[in-house]
Amino acid sequence: MRTLKQALRGIVFAVVLGVGVTAVPAHATPADQARQTVEALDWARVDDFAARLGVDHDELTGDVINPDDYQCSAATPVRTWLAGQVADWTSVDRGYANLGQQLVVLDAVLFPAGTRFGLDGEYTQDITTVFRDLKTFWDIDGSTIKVAPLNSTILLSQPRLSRVLQLLFGLPPQTIDPVAAALVTIYDQPQFDHGRHPFFSFNAFAQQGGLEIPGVGVIPDEILMGDGVLAGFAAVGLGDVSAKAIFAHEYGHHIQFRRNLFESDLTGPEATRRTELMADAFGSYYLTHARGATMQWKRVQQFEQVFFQLGDCGFAAVSHHGTPNQRLRAVEWGYNVADSAHKQGHVLPTLTFADLFDRTLPELVAPDA
């Protein structure tokens with residue numbers, strides 16, 4: 001899950017650390033000339049925008065979790081696939097790719113729109129169906145959640161880029177429009193698949209609503225599904241279950257928002273790991289349950305791999321989601337709760353389920369090295 005706060009922080013780091021002002025030679029390509037236009041802008045003003053939203057940069061990221069206690073390899077098939085897609089990028093390409101990814105996220109959060117999911121709309125039916133079912137499965141009101149695609153179409157749209165950049169910098173169109181046009185030139189290159197590279201939308205997240213942005217309005221509760229991450233799972237043979245599995249996880253975060261389940265005695269990476277593993281468990285319980293998606297064992301094994309492959313080894317990062325093994329255990333636990341229930345037609349209340357999970361969490365995250 002990526003929040004608006006994390007997105008804003010990422011764009012600051014991507015631009016300030018990843019892009020530097022350089023002289024452009026006389027034989028410069030259009031992309032070189034475009035970079036000169038982009039780099040002439042005072043990107044540090046993004047910090048000012050973040051500050052107005054109360055976004056700081058001093059979150060605790062200490063080593064709470066000892067990596068020596070765990071078996072962990074981040075080289076899962078889907079992560080390896082993504083690494084292969086960007087293997088030929090230069091350092092300059094990577095800097096602009098990071099910036100592009102953050103602009104995609106900001107546009108989707110601030111202006112959620114669209115009803116087609118997947119690079120060619122191939123996951124639209126899956127996501128429409130799972131969202132409809134989840135609203136009746138769990139005991140929260142999901143009717144206010146806005147579901148929208150996370151795609152990179154903004155990167156080839158000068159008007160949409162200008163709209164976001166004007167909000168970020170507070171500068172007039174005559175200043176921002178040339179920068180937006182330059183960015184379109186940069187992203188409309190072969191190494192970026194002419195703006196359609198899966199890296200730009202290799203994400204999915206839930207966003208809690210309620211934040212009011214001048215010039216935009218109040219951000220709604222949102223689930224944003226990235227075309228890139230769905231393409232990645234299709235490439236490794238998990239397209240059959242990935243959309244439903246990921247969406248069920250993100251809906252689990254909205255349960256946490258509504259039930260104040262982000263509150264705990266844990267801090268830093270351990271706190272995030274708890275909420276992410278809990279969302280995995282919420283998702284697998286629904287996917288397995290007789291009143292949910294009713295997936296059979298073969299398909300359960302497939303959706304387990306979706307969560308397993310999204311595990312990470314960032315033990316010191318606030319965004320740590322849990323190792324692949326821990327995510328697999330959380331998914332299997334949710335499956336077992338549903339599968340072993342005496343009353344197969346009964347859905348546990350969300351708070352009851354969360355309490356059961358918290359009591360089991362120490363076992364799910366126990367050292368396994």
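A residue counts as partly exposed when its relative accessible area lies between the limits for buried, under 20%, and exposed, over 50%. The views below are taken from a predicted model.

**Figure 1. Two residues other than glycine, D193 and N260, adopt a positive phi.** D193 belongs to the loop that runs between α8 (173–187) and β2, and its phi is about 50°. With a relative accessible area of 37%, D193 is partly exposed. N260 sits in the loop between α10 (242–259) and α11 (268–288), with a phi of about 55°. Its relative accessible area of 58% places N260 in the exposed class. Most residues other than glycine have a negative phi.

**Figure 2. Overall composition of the chain.** The chain contains 14 helices and five strands. Of its 369 residues, 54% are buried. Contacts between residues at least 6 apart in sequence join, in 77% of cases, residues at least 24 apart. The chain exposes about 15,600 Å², of which carbon and sulfur atoms supply 52%.

**Figure 3. Strand β2 is covered on both faces.** In a regular strand the side chains alternate between the two faces of the sheet. In β2 (residues 204–207), A204 and A206 lie on one side, F205 and Q207 lie on the other, and all four are buried. Strand β5 (residues 222–226) pairs with β2 in the antiparallel sense through four bridges. Within β5, L224 is the bridge partner of F205.

**Figure 4. The largest nonpolar core, with F247 among its most connected residues.** This core has 98 residues, and those with the most contacts inside it are W138, L183, F247 and Y251. Helix α5 (residues 91–110) gives the core its largest share, ten residues. Apart from neighbours within four places in sequence, F247 is in contact with I127, V130, F131, L134 and V147, as well as with I223 and M225.

**Figure 5. A salt bridge joins D120 and R196.** The closest N and O atoms of this pair are 3.9 Å apart. The two residues come from distant parts of the chain, 76 residues apart: D120 from the loop between α5 and α6 (124–137), and R196 from the loop between α8 and β2. D120 is exposed, at a relative accessible area of 57%, whereas R196 is partly exposed, at 45%.

Figure 6. Because R259 lies in helix α10 and D139 in the loop between α6 and β1 (146–150), the pair ties together parts that are 120 residues apart in sequence. Both partners count as partly exposed, R259 at 28% relative accessibility and D139 at 39%. D221 counts as buried, at 17% relative accessibility, while R258 counts as partly exposed, at 28%.

**Figure 7. D107, R160 and R163 form a network of salt bridges.** Side chains of opposite charge can pair when their charged atoms come close. Here salt bridges link D107, R160 and R163 in a network. A search of the whole structure finds eleven salt bridges.

Notes: Residues are numbered from 1 along each chain as its sequence is written. This is a predicted model: local features need pLDDT of at least 70, side-chain atom pairs count only at pLDDT 80 or more; totals for chains, interfaces and linings use all residues. Side-chain values use heavy atoms; hydrogens and water are left out. Buried means under 20% relative accessible area, exposed over 50%, partly exposed in between (1.4 Å probe, protein chains only). Two strands pair if DSSP finds at least two bridges between them. Contact means heavy atoms within 4.5 Å. Accessible areas come from the Shrake-Rupley method with a 1.4 Å probe; for residues, only the protein chains shown count as cover. A nonpolar core is a set of buried Ala, Val, Leu, Ile, Met, Phe, Trp, Tyr and Cys residues joined through side-chain atoms within 4.5 Å. A salt bridge is a side-chain nitrogen of Lys or Arg within 4 Å of a carboxyl oxygen of Asp or Glu.
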